[in-house]
Amino acid sequence: MSDQEDVKGPGISRRSFLKISALTTSAPLVLGPTVLEVEGQEVHVYGPGKTPVTLNVNGRRLSANLEPRVTLLDALREKFEVTGPKRVCDRGLCGACTVMMDNKAVYACSVLAIDAQGKQIVTTDGLAPEGKLHPVSAAFVDNDAQQCGFCTPGFVMATKAFLDKHPNATKEDLHRGLGGNFCRCGTYAGIKGAVAQLSGGGQQKGGA
Amino acid sequence: MATDYKWPAADQRTVIGKRMNRVDGPVKSSGRAKYTYDLVRPNMLYAHGVKCPYAHAKVTKIDTSAAEKMPGVVAVLPINDVGKEIFWAGTDVVAVAAVDEPTARDAVRAIKVEYEQLPHLVLDEKEPDLSEAEKSEWYKVALKETSGDPTSAFQQSEVVHEGYYGTPVITHCCLETHGSISEWPDSDHLFVHISTQNVPGIAEQLGKAIDFPASNIHVHQDHVGGGFGSKLGLDPWGVASAQLSKKAGGKPVKMMLDRKPELETAGCRPSARARVKVGAKKDGTLLAWESYSWGTGGVGGGGSPPIPYVWKVPNQQKQHVNVVNNIGPSRAWRAPNHPQACVLTMCPLDDLAAKLNMDTFDFVKKNIDLLDPRSKIYSEELDVADKLMGWKARWHPRGDKTAGPVKQGLGLALHTWGGRGHNSNTDLTIHPDGSVEVKMGTQDIGTGTRTSILQVVSDTLGIPMDQINLLIGDNQYPRDSASGGSSTIGGVSSANFRAATDAKNQLFAKVAPALNAQPGDLEAADGRVRVASDHNRSLSWKEACAKLGATSITAHGTNPGEGDLTNSGVGGVQMADVSVDTETGIVKINKMVGVQDCGLVISPKQAESQVLGAMIMGISYSLYEEKVMDQTTGTMLNSNMDMYRLAGLGDVGELVVHLMSGPGYDERGVIGIGEPPTVSPGAAISNAVANAIGVRVPFLPLTPERVLEALEKAESEGAKA
């Protein structure tokens, strides 16, 4: 089981957005949302065309005009140059884009930027001030839990989110909790080492 | 007098061989490392391609008019123009650069391409009929070879085993997809950020493709998100981004593949299938080998797996046929051809041992002389692996006879690889203020290149690693080579050891008078330059460098050079312990042991990571990975990361690595280590499954379906018998 939680509730998923977008393609170009009823629920419809989007990322307010179809991942990476989250599968399958949104781990590729407004978004880039390492990041370094390093920021966020939610997690819990993140270089032995260090309450010294 | 370049003896090493953290670890784990995919250049355009949906086709018509009229579309470029033949689905036909990604994707959808479909073949199961193969356009006979006298050797054999074995086409699935960002600051200069294992070679390849002088192409890369062999050469996308940028007035154009085309078109490891016959005497003496093998590496062919792998079987007859089909481009994939060869060799020999009622461990030891020239290494490694796995204590004959549906088994395999350091060049400068700078055109692809370089320089100059400024990943630095074939650490370590030694000697010449000593009496250690016989006569590193006055020292180091600092030809042994649920067919890795010979180890922590990573990759391709193709449509059916599954954290079991280093191994110098340990897992795990359930699952990956099929087949044959 993965620790990644689906974003549910009043938001619009990528899929349902695509469904309703067909209804609005002939609408005049407007800024700001229109209200539509979809599947018995009122939803705000943005676009077509660019709409102002403001995100709270790592404690900073970032604004841009984005098309409503732009994902949180692409907004972070391309508009705001917050590139800790990586675009790998772009379909919620690999965990490389894991960020925390209101303290929950989410796949940034599977959330629309317009839906992430008003939420607190934290990425690996924002875990610790420049020049410092967050204990989770440090555990990854101590245990050489990275090779090419492309999956690492996503793994770090997934680990952080899981430990925040399950402070007494055992190593085995964490291995299950991180099952939604994949690495191609094969760094799992190092990640297991980092997890062992962290699940000891963060009190243990750096690894061998 | 010529300097005698020799790695310091074990007791003289201060940083070489020590367990240091990866120097680029913090920047990677904090998300601050910038990969090509992460870069956003001013006024950057985004490019995507129109993909051919057919496995084999000719382009007959392209209509880009609608796309060209779309607001935000800046440049449209035919890649495979009308008349061009396409050899696999997912090939780019036209590329579009636009102000943002959504616009580029819309423009791609607005382009209309018409094709003439041509006959395709994407499968490779069918055994080529050799008489047909020599005439058919779908087959290329790659090898036909006989040595010794196999016919009489089989007649003398008291036990003969025949079987079918195979491995599928797998893809590289780099997490950072292939791609680049190209820009023309002016019409005479091209600047390229590219995701590559080959910073030094890209300029020539690109220059040739676009007819532009390589010397005017600047290539840069800080980090690469995986390559595994698939990023050694320039891609059509790299060429397209440069051409699109030119069309767009020089603006930066970023063209990165999406996941689907990455899996379809960015590289794969060829399949290999074989009918194998092996013969031995009753006492286990291996006498004869016969094989008929085939496999596909797409239209380009995939070479021929070197079988029988590592074994010098005295009497052999073998043939290999390349199936020329439309499955995608084969590219070097960590230890090209070796994993396939290992499966095609170690599995039939394991089956032969089972038929001889021998423990495979004993069978290998019995025939150890046939493993020349690494017989001694393999023999020592087998003993180490035995201890780490408890093989001798726990091994049981084929078929776990204990009650219950879950069966346990052990399997082993052997492998080899070259790994000699490649041509490498470095410039090492000691400045009068004590700062040290190292410049090289190499790249760090995750192997820990930066860390190894700094460990060597730090050890040689006696100053901390963080006092050395290392610049790599740029073709304007001294020319290095591609990171392929496990050749990087050997190459860069050796070049830097020579450069650091020369620079140190030049520094000693300047410093000696101040210490009232001869240059040859000095040593650099603990951040000081001192008289070796009298540590009280010393200067701090900074004071010593100040003696340079206004002139810095730059020493050039090269590999190969004097002194044999790197070597090749490693041996490795791996053992796997698995459990197989005979009701569900699920294979679980309990434990794997990797014993790896690698010469002198510069950076043990990173070297172990390389071996562990290779073993994990091996588990991944043994249990999960397969490029599944559909003959009707000619396309890949699992071009996403849920259906093309990689091993996850919970799939790898307990992993134990033992590096064969120290006396008897160190003397050979540094030898690359990335490829070899990825070779054995396929055969070791397959053999462990056979040991557990009593029957061979002939084809990788060992999916539940294939395990159950093998069990059912054995059951129905047992019922008939």
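Which residues of chain B gather in a patch of negative charge on the surface? In this predicted model, the patch is made up of B:Glu705, B:Glu709, B:Glu712 and B:Glu715. B:Glu715 lies in helix H18 of chain B, which spans residues 704–720. Its relative accessible area is 62%, so B:Glu715 counts as exposed.

As for confidence, the model has an ipTM of 0.96 and a pTM of 0.94. In chain B the average pLDDT is 96, and 100% of the residues score at least 70.

Chain A contains six helices and seven strands. Along the sequence these elements come in the order α-β-β-β-β-α-β-β-β-α-α-α-α. Chain A has 208 residues, of which 56% count as buried. A:Gly40 sits in the loop that joins strand S1 (34–38) to strand S2 (41–45) of chain A. With a relative accessible area of 64%, A:Gly40 is exposed. From A:Gly40 to A:Asp74 the separation is 34 residues in sequence, and the C-alpha atoms are 30 Å apart in space.

A:Asp74 leads on to the charged pairs. Side chains of opposite charge can pair when their charged atoms come close. Over all chains, the count of salt bridges is 51. A:Asp74 belongs to a network of salt bridges that also includes A:Arg87, A:Asp90 and A:Arg91 from chain A, together with B:Glu101, B:Arg105 and B:Asp258 from chain B.

Other salt bridges can be described pair by pair. In chain A, A:Glu67 and A:Arg69 are joined by a salt bridge with an N to O distance of 2.8 Å. A:Glu67 is buried, at a relative accessible area of 16%, whereas A:Arg69 is partly exposed, at 28%.

In chain B, a salt bridge joins the side chains of B:Arg696 and B:Asp351, again with 2.8 Å from N to O. This pair links distant parts of the chain, 345 residues apart: B:Arg696 is in the loop between helix H17 (681–693) and H18, while B:Asp351 is in helix H9 (residues 338–355). Buried means under 20% relative accessible area. B:Arg696 has a relative accessibility of 13% and therefore counts as buried. B:Asp351, at 6%, likewise counts as buried.

Chain B also holds a salt bridge between B:Arg530 and B:Glu523, whose closest N and O atoms are 2.7 Å apart. Here B:Arg530 is buried, with a relative accessible area of 12%, and B:Glu523 is partly exposed, with 25%.

How values were computed: Residues numbered from 1 in each chain as written. Chains lettered and ligands numbered in written order. Predicted model: local features only at pLDDT ≥ 70, side-chain atom pairs only at ≥ 80, totals over all residues. Heavy atoms only, no water. pLDDT = per-residue confidence, 0-100. Patch = residues over 30% accessible without salt bridge, like charges linked within 9 Å, V, L, I, M, F, W, Y side chains within 5 Å. Areas by Shrake-Rupley, 256 points an atom, 1.4 Å probe, with all protein chains shown as cover. Salt bridge = Lys/Arg side-chain N within 4 Å of Asp/Glu carboxyl O. Lys, Arg positive; Asp, Glu negative; His and termini not counted. Charge placed at Lys NZ, Arg CZ, Asp CG, Glu CD. Helix = DSSP H or I, 4+ residues; strand = E, 2+ residues; numbered from the N terminus. Buried < 20%, exposed > 50% of the residue type's maximum accessible area, 1.4 Å probe, protein only.
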